[in-house]
Amino acid sequence: MDGGGGGGGVSHPNLKTDRASGGGVGGDGGPAVGVQINQRHSHRRLPDFLQSVNLKYVKLGYHYLISHLLTLCLIPVMIIILIEASQMNPNDIRQLWVHLQYNLVSVIVCSTVLVFGSTVYIMTRPKPVYLVDYSCYRAPDHLKAPYERFMKHSRLTGDFDESSLEFQRKILERSGLGEETYVPEAMHFVPPRPSMAAAREEAEQVMYGALDNLFSSTGVKPKDIGILVVNCSLFNPTPSLSSMIVNKYKLRGNIRSFNLGGMGCSAGVIAIDLAKDMLQVHRNTYAVVVSTENITQNWYFGNKKSMLIPNCLFRVGGSAVLLSNKSIDKRRAKYKLVHVVRTHRGADEKAFRCVYQEQDAAGKTGVSLSKDLMAIAGGALKTNITTLGPLVLPISEQLLFFCTLIIKKFFNNNIKPYIPDFKLAFDHFCIHAGGRAVIDELEKNLQLYPTHVEASRMTLHRFGNTSSSSIWYELAYIEAKGRMKKGQRVWQIAFGSGFKCNSAVWKALRNVKSSQNGPWDDCIDKYPVELLS
């Protein structure tokens, strides 16, 4: 749950929203963005990407591009050979045969080059990684936390003073959360009953619920899983969460299991990247990635304003994703992984401490959010998309970008760099649903249309900030609406403490329909909800 950011939005059907009133994105469980309750705090807003672009980050993207240089060079050579071969007549072929009969050395050299080149290409090309299916957990209805119940229970706990209660009320009104988000069982008691046992129970319900549905929908047996990656930022018991899954499903003894902790809302993409790397090494196997966050033991019961925001934004949720490197699975897979780009700003002290778990003056533990969080998130995002751009943007956009960049670098420093149109590279966008403010700012700075951020807004409204799993609820929304068509690309982007910004790009292998028992099955027709301005 690592932090959160308040945001403007609709948390009650009768409340009027104002996008400009601000909000934010969750922190170490996701991009935690501070609430813009007062508009004069302009430094909290996401920086305008038009102000500057650092050349060294552009080079990082081209480093990825150059790594595939062999393939790019072989393709035009093969095209030239095919063109020349198509223009040969029978007499040319007869002369070539006579020439080869008396030039055995040339034949051997050509054959060796051809075999060597083919071998190098086959051995060095990355193995495709397919997303067979995924599942998002939906909690039972009795765990819903409507606005009025949330405030009533907060008051009855006796832990919050009037100022803190009023602060939480304003956060909720501007957060973008609706009336049907979920909090864990322990938080429904008065007073709440957080404990290790209750936290384990929450983790089991979420992880096992998502995995049961995943195994049921795909028909894959738990014993077939060769790689397991689990990420949860703030709850890391012993034995680990991954060991709990191994024990529950009796996974095989030689499984490669990993447990990622403390990495925030961006850890879901990190877990995908780790699984991808493992699938490059271990052939013909499945990988399962489980992303969740645990609220039970991480609720803040103090009165420090910067540590109260996560209480208002973070809600119960989790996902389980099945990946495969088996060529046979391409026929039934939903997506193919195209790119993963990770950005880490932890070397900068302000970025490192902007989302920080600590104790307040009264000794109560929570996640503190820095007032510089929005600016830091913007810098990390700018770095990430500058690196991602050369990998995904059409040549026309790259040329415009580089021309303006060179002019700015060497001739006119006052000119604003050209910001590429990422709508030409992606058909769908899954922006981590951490809070309303960052969604608003990304829509503005990337010049997106309301439909591009609809999945993020509606996920925030229906499920709240579910940390690293939110991008999967958003993808499920797009599928449930029937919008994902064969060949389309989707961009998942998430933020987390440290400070990190990570992106994953997927390509649809078919017209994708919603999976069975999807999180939106019983409510997709109600969305999108009209948010009043």
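**Briefing on a predicted single-chain model**

Of the 533 residues in the chain, 53% are buried. The model is predicted, and its secondary structure amounts to 16 helices and 11 strands. Among the contacts in the chain with a separation of 6 or more, 80% are between residues 24 or more positions apart.

**Confidence**

- The pLDDT averages 85 over the chain, and 86% of the residues reach at least 70.
- Residues 1-43 have a pLDDT below 50, although this stretch has 211 contacts in the model beyond near neighbours in sequence. Where pLDDT is low, the predicted coordinates should not be read in detail.

**Nonpolar core**

- The largest nonpolar core comprises 138 residues, and those with the most contacts inside it are Ile245, Leu323, Trp472, Trp491, Phe499 and Trp506.
- When neighbours within four places in sequence are left aside, the contacts of Trp506 include Leu323 and Trp472, together with Leu131, Ile272, Tyr335, Leu337 and Val338. Trp506 is also in contact with Lys336, Gln488, Arg489, Val490 and Gln492.

**Packing of H14 against H15**

- Helix H14 (residues 436-445) and helix H15 (residues 450-463) have axes that come within 10 Å and cross at roughly 175 degrees. The two helices are therefore roughly antiparallel to each other.
- On the H14 side the contact is formed by Arg436, Ile439, Asp440 and Glu443, which meet Pro450, Val453, Ser456, Arg457 and Leu460 in H15. By class, the residues of this contact divide into 4 nonpolar, 1 polar and 4 charged.

- Ser242 belongs to helix H8 (residues 241-249), and it counts as buried because its relative accessibility is 4%, under the 20% cut-off.
- Not counting residues up to four places away in sequence, Ser242 touches Leu228, Val230, Ser257, Phe258 and Asn259.
- Lys250, in the loop between H8 and strand S3 (256-260), has a positive phi of about 55 degrees although it is not a glycine.

- Ser467, located in the loop between H15 and helix H16 (470-480), is a residue other than glycine with a positive phi, near 65 degrees. With a relative accessibility of 1%, Ser467 counts as buried.
- Val190 and Pro191 are joined by a cis peptide bond with omega of about -5 degrees, and Pro191 is found in the loop between helix H6 (162-175) and helix H7 (196-218).
- A cis peptide bond also joins Tyr527 and Pro528, with omega of about 5 degrees; Pro528 is placed in the segment after strand S11 (500-508).

Definitions and conventions
Residues numbered from 1 in each chain as written. Predicted model: local features only at pLDDT ≥ 70, side-chain atom pairs only at ≥ 80, totals over all residues. Heavy atoms only, no water. Axes fitted to C-alpha atoms, helices over the stretch in contact; angles between N-to-C directions. Helix = DSSP H or I, 4+ residues; strand = E, 2+ residues; numbered from the N terminus. Parallel < 35°, antiparallel > 145°, perpendicular 65-115°, else oblique. Contact = heavy atoms within 4.5 Å. Nonpolar A, V, L, I, M, F, W, Y, C, P; charged D, E, K, R; others polar. Core = buried A, V, L, I, M, F, W, Y, C linked by side-chain atoms within 4.5 Å. Buried < 20%, exposed > 50% of the residue type's maximum accessible area, 1.4 Å probe, protein only. pLDDT = per-residue confidence, 0-100.
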